[in-house]
Amino acid sequence: MIAARILIVEDDRVVARDIREQLARMGHVVVGTSASGEDAIQLANRHQPDLVLMDIRLEGEMDGIEAARRIRDVHQIPVVFLTAYANDETVQRASMTEPFGYLLKPFEEPQMRTVIQMALYKHASDAKLRLGERRYAATLASIRDGVILCDGRGRVDFMNRVAETMTGWTAAEAVGRPLSAVFTVVDEETQEPLEDFAALVLRSRDLAPPERLSKLLPRCAAANVPVPGIMVEERCSAIIDDRGAVAGAILVFSDLTLRRQIAEALRKAQADLAQIGRLTMMGELAAAIAHEVNQPLMAIVTNAGTCLQHLSKADPDLSKARAVVERIVRDAQRAGDVVRSIRALARRTPADPGWVDMSALIADTLALVRAELRRARVAVETDLLRGPPWVHGDRVQLQQLMLNLVTNAIEAMDAPAVAVRRLRITTSAEGGRIRVRVEDSGVGIAEPDVDVLFKALYTTKPDGLGMGLSISRSIVELHGGQLTAAPGTPCGSVFEVVLPVSSQGAGGD
Ligand SMILES: Nc1ncnc2c1ncn2[C@@H]1O[C@H](COP(=O)(O)OP(=O)(O)OP(=O)(O)O)[C@@H](O)[C@H]1O
Ligand SMILES: [Mg+2]
């Protein structure tokens, strides 16, 4: 049993005392007894009882029904009427105050016990319901979507604040109107009016149709006239009653403007990023081309000077001059090949793949830098494999690789402090790979972390670009190999290239 704090309102003192005794036996606490309506209201205010037992006929102006109404309006305290008069008119007036029960006098104790228990129980469940409704109202008020509830005839029952703002209607104005009058939507493209979603749900009995995109027109806008509405995503679900019938519908809609703006900003940012990526790549490409074309250009300038010397003699040696011009033509062609190979490198594809004999390629490279080697007084030693295995790859790129390594080696030894200037290049084959070592006796590597040497734009030279090793590593990796650096013994440094060789490479091409 629920023990409760009870207020007795009864003008018959004997009956009141009787009730008080009975309640005490049941374990309830009587917070007060009053004989008039006015007094009852005051006691209810002061004690906030759990229940009021209210006689209808009371002393004074106010009867029990009026007193019950006032108490209920302020405190939601449940009232049980005690009366000897049960005529229709009284019962009807009393029911307006939504009482929690009647006790017809005279009544027995068990009867009173049951009515009080039922009233307390009903009040507790009503309180739960009210709390649930408050939770649900708070939820609807705090979500960012618009929400409109419709009754079974498709008329607006409720709308939240967001729905008010988006439609331009207040809930007070909208309640009772058909949804289509308050929430006017058209197709975004055709501007054709769309059937209101709740009506659709009520008619089709499709309990939760898929969401749809539409344009919500401002209040009072005429359909078929393109006006700047709000793009919304509408979702609608049916509300089902206890018997399984569709009793109404709930329409939830969200403003897509912000979502669309974000998507557009994202798309633009991606496009900008792609553009920046392209520009960065163009910059790297330009730097790489500048780096690699320099060598053939310098060769062309040197050869052109030699040619001029031959021609400016009193008796020019035309055959020598022709030989030099042929070298110029070869170098110019090589410059063109180099540009092509670098563009292919940027696209990460070998420009012109074929079978490459690394030993022959190294010999050609040394021939290209013969003048520099001589000028820097570098002694060259080679120990190269003859014939296969061959590397499958781009000859021009692989030649650029060797040229960069050899040029760096010459530059490392081209310092007054370097007394012994020895360049040693070897190739060896092992387990499906070919190993090329380029050793010099130069100044050695200053960096403890040798990997930084391979970063683009890293240079320790006053007029260096810092591109040679970065391009070289890209070339080696594109060919499926590795390029590493290490300090030499007793001095200088060693750069090592390991490249896969294909078994098919034996025949060459
Ligand atoms: N054989 C070497 N011995 C010692 N240091 C080296 C050697 N090769 C490269 N380095 C170091 O690595 C750095 C980067 O080399 P990389 O070839 O990438 O650029 P760079 O030679 O400085 O300029 P460039 O772009 O003109 O080739 C060099 O500046 C140098 O400090
Ligand atoms: Mg270099």
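Let's start where two parts of this predicted model come together: domain 3 and domain 4 bury about 1300 Å² between them, with 67% of it on carbon and sulfur atoms. Why quote an area at all? The size of an interface is often given as the accessible area lost when the parts come together. On the domain 3 side, His291, Glu292 and Leu345 lose the most area to domain 4, and together they make up 42% of what that side buries.

Now step back to see where these two parts sit in the chain. The protein is divided into domain 1 (5-139), domain 2 (146-255), domain 3 (260-347) and domain 4 (353-500). Between the C-alpha centres of domain 3 and domain 4 there are 21 Å. Their contact draws 14 residues from domain 3 and 16 residues from domain 4.

Helix 12 covers residues 358-368 and helix 14 covers residues 395-413; their axes come within 9 Å and cross at roughly 55°. Angles from 65 to 115 degrees count as roughly perpendicular, and helix 12 and helix 14 are therefore oblique to each other. The crossing is right-handed. To trace the contact on your screen, look for Met358, Leu361, Ile362, Asp364, Thr365, Leu366 and Leu368 in helix 12, which meet Arg395, Leu398, Gln399, Met402, Leu403 and Val406 in helix 14. Sorted by class, this contact has nine nonpolar, two polar and two charged residues.

Helix 1 contributes Ile19, Gln22, Leu23, Arg25 and Met26 to the contact, while helix 5 brings Glu109, Met112, Arg113 and Ile116. The residues of this contact divide into five nonpolar, one polar and three charged.

Finally, let's visit some details of the backbone. One last stop is Gln76, a residue other than glycine whose phi is positive, near 55°. Look for Gln76 in the loop between helix 3 (64-75) and strand 4 (79-83).

Definitions and conventions: Residues numbered from 1 in each chain as written. Chains lettered and ligands numbered in written order. Predicted model: local features only at pLDDT ≥ 70, side-chain atom pairs only at ≥ 80, totals over all residues. Heavy atoms only, no water. Axes fitted to C-alpha atoms, helices over the stretch in contact; angles between N-to-C directions. Helix = DSSP H or I, 4+ residues; strand = E, 2+ residues; numbered from the N terminus. Parallel < 35°, antiparallel > 145°, perpendicular 65-115°, else oblique. Left-handed = near helix turned anticlockwise from the far one by under 90°. Contact = heavy atoms within 4.5 Å. Nonpolar A, V, L, I, M, F, W, Y, C, P; charged D, E, K, R; others polar. Domains from an automatic or database assignment. Buried area = accessible area lost by both parts, 1.4 Å probe.
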